[in-house]
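Visitor: Please walk me through this model, feature by feature.

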Amino acid sequence: MPAGDAVRGLAVTVSISHPFDSDLRLELVSPVGKTVVLAEAVGTWGDDFSGTTFADDAQTSIVSALPPFAGRYRPAETLAALAGSKRAGTWRLRVRDLRGRYSGRLEAWRLDLTSCPGSTPVRRPKAGAPAPPPLATGRPSGSEPVEGRLVTVTSTMEGQNGDVSSVTALEAAPGPDGISLIEAIQATNNDPGTYTIRFDPSLAGATLAITNDLPLLSGGGVFIDGDVDGDGGPDLALAGGGRVQWGLNVASSGNRLHALTLRGFGQGVVFTAMRDERLSTPLLQGQAFARNIVSGVVLSNVITAISFGPTGYHQECERALCRTRSRWVDTRLVGNAVDSSTEGAIQLGWNFDNGDELRRATVAGNRLQVRGKYVNGVDLTIGAGGASDNRISDALVAHNAIEMMGGTNAVQVVAGQRGRSGNLVEDVRIVGNRIRFSGPRRPGSGGVAIFVSDDCWPPGRSVCQNIGRRIAVVGNVIDGPDVGVRVGEPCCSTTPRSPITGVRIAGNVIRSVITPPSQFLEPWGIVLGGLRAGVSNVVIDSNTVVQTGSARADPTAAGIAVIGGLDKVHTFVAGVSITNNRVETRLAGIQLLGGGPSKERAGRDPATGNRVTRVELRGNVTRRPILLIGGLGRRSTSNAVTCVASRDKVTMLPNVAGASGNVVRLGRC
């Protein structure tokens, strides 16, 4: 073909060997540097791309498919974005290992281009998200190999009458009742190495009553496997009683908890920096707890299922003892089932104190049931209770089934909740989850909520500098929330130096019912709310939002809403791309609002000087109007919606319901 031919269609085929596909990001780069993401954070804990072809006409999306990836898949981003590019030049496949833990190899790749001489085809992407495939699961199956030396538990008793000075000593002198789980853990702690703790086949179906806290896993390198018959599922249970605080407490590296049933504990599994069971003992300082895995564990009748923190019980530790500045690195929570947690299913940072860090965490293929009024499903919150300088980075929340039978947010990402300063959440990917609300819940409940600094601690503090950045919400199905995806906080006070930047909301399906108004409820499918330091660089692409019901809603509500501020002063949202979304609702389809009243504050505070700026609208399909409103309500003034580049039909309303002095302006800036 002539060198100047324009590309009409593309397909990319790759073969990559790597033990964790979810660590990889695959991108196709055109000769002029334009990039399309083929795959990112897919495959839970599966391995390899085996002759995988990415093409827009494939039936299955790579986002929610299961490995091994062999065959044809729709890429994470449409290849049609490169249609019209010149064929000549160097096309590149860029493969990034986002975590760098394991080695891999690009075996081969091929690019197939079709061209049309002298023409540049115009291909309109289909609006809305593709039909979601069945939920992938990360649950392992089959028997797991023994790691290191095998230690067999032969007793259901809590007795400690064996010699636990070493594993060899325990096997030689187990005591009259055999080897208990407590003794096995103590012996491995006293004789560090690599061990697999398994249970004698005669214990299949047994319940081990735990009336005192089990010893910490402090030695490291221990694999506790409750799969007796080799089918991948748990065959015995640990049951808490009395004042037992935790089921299993991990305070070292290289441990794996697999195929166990834990029930009746305050916390099922807790990752701490404790030296022993006494909360008054100084904690380990400056540690890196790495490569811990919880897989195939069933947790029921627990207050919190899985959590991280220096002590596990933040409020019971004196502040001077809690400042560990510890790190939890390369942690995987995969294929677990949580039934009826009442204070949180998975809490990744709530109990951090000062200077703690969670890095490279994977929460994948879990099935969570959440009850309780103020409970979250997967909670990535740091800075709670006045804690500072904490960090969550490179976290993957993928392919989980979360049923909210009460509670607040299914997935919550917060830097600085009632916190001081210096908290950072970055590089979080929320991919391919199935979220369903099926029972009574707190008004304003959400599928995915992303906040920074919703309050300063102590009250009246003027500076809280916390950051949320590079967060992706991709390919999720969210059924029944009041708010599907919320970024920032539309309403009320906000701290001055805490931004959210670099958010991608793409390919999600959000379905909800418009319910009667209440003080804390505005039914939004997707909403961005301005901050003093701003919400910026946001992509909202190819989502489907369906809101049914006939109840009268608040005028700020919409299928997709971008709001400078409700009862706020001088907050902003800037740099937003809203493209190729499908919105079916009786409310406004898409609404850009500079400022207005909040239902929570009943419009008692002024909305002044808030703005929405640098917005692109293109390719959206809505049954209801796209509204650009400068200000709403009599206490709204000097708000603005400006620099809006729109290929979609819009209605511009500078002042609504008694507002004055507000501005709406189309055109690039």
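What follows is a dialogue on reading its features.

Guide: The model is predicted: local features need pLDDT of at least 70, side-chain atom pairs count only at pLDDT 80 or more, and totals for chains, interfaces and linings use all residues. Residues are numbered from 1 along each chain as its sequence is written, and side-chain values use heavy atoms, with hydrogens and water left out.

Visitor: How many salt bridges does the rule give?

Guide: A salt bridge is a side-chain nitrogen of Lys or Arg within 4 Å of a carboxyl oxygen of Asp or Glu. Here the count comes to 22 salt bridges.

Visitor: Which residue forms a salt bridge with Arg511?

Guide: Asp479 does, with the closest N and O atoms 2.6 Å apart. The pair links distant parts of the chain, 32 residues apart. Arg511 is in strand E37 (residues 509-513) and Asp479 in strand E34 (residues 477-479). Helices (H or I, at least four residues) and strands (E, at least two) are DSSP runs, numbered from the N terminus.

Visitor: What does the Glu357 salt bridge look like?

Guide: Glu357 pairs with Arg359, and the closest N and O atoms are 3.0 Å apart. Glu357 is buried, at 14% relative accessibility. Arg359 is partly exposed, at 22%.

Visitor: Which residues have the most contacts inside the largest nonpolar core?

Guide: In soluble globular proteins, nonpolar side chains tend to be buried together. A nonpolar core is a set of buried Ala, Val, Leu, Ile, Met, Phe, Trp, Tyr and Cys residues joined through side-chain atoms within 4.5 Å. The largest one here has 109 residues, and Ile224, Ile578 and Leu617 have the most contacts inside it. Its largest share, five residues, comes from helix H2 (residues 181-190). A second, separate core has 29 residues, among them Val7, Ile16, Leu24 and Tyr73.

Visitor: What does Ile224 touch?

Guide: Contact means heavy atoms within 4.5 Å. Leaving out residues up to four places away in sequence, the partners of Ile224 include Ile185, Phe199, Leu248 and His258.

Visitor: Why is H2 described as largely enclosed?

Guide: Nine of the ten residues of H2 are buried, so the rest of the structure largely encloses this helix. The buried residues include Leu181, Glu183, Ile185 and Asn189.

Visitor: Which strands pair with E44?

Guide: Two strands pair if DSSP finds at least two bridges between them. Strand E41 (residues 558-566) runs parallel to E44, joined by seven bridges. Ala561 stands opposite Gln591 in E44. Strand E48 (residues 626-632) is also parallel to E44, over five bridges. There, Leu592 stands opposite Leu628. Nine of the nine residues of E44 (residues 588-596) are buried, so the strand is largely enclosed by the rest of the structure.

Visitor: Where does a positive phi occur in a residue other than glycine?

Guide: Most residues other than glycine have a negative phi. Arg360 has phi near 55°. Arg360 lies in strand E24 (residues 357-364) and is buried, at 17%. Arg470 has a positive phi of about 55°. Arg470 lies in strand E33 (residues 467-474) and is partly exposed, at 42%.

Conventions. Buried means under 20% relative accessible area, exposed over 50%, partly exposed in between (1.4 Å probe, protein chains only).
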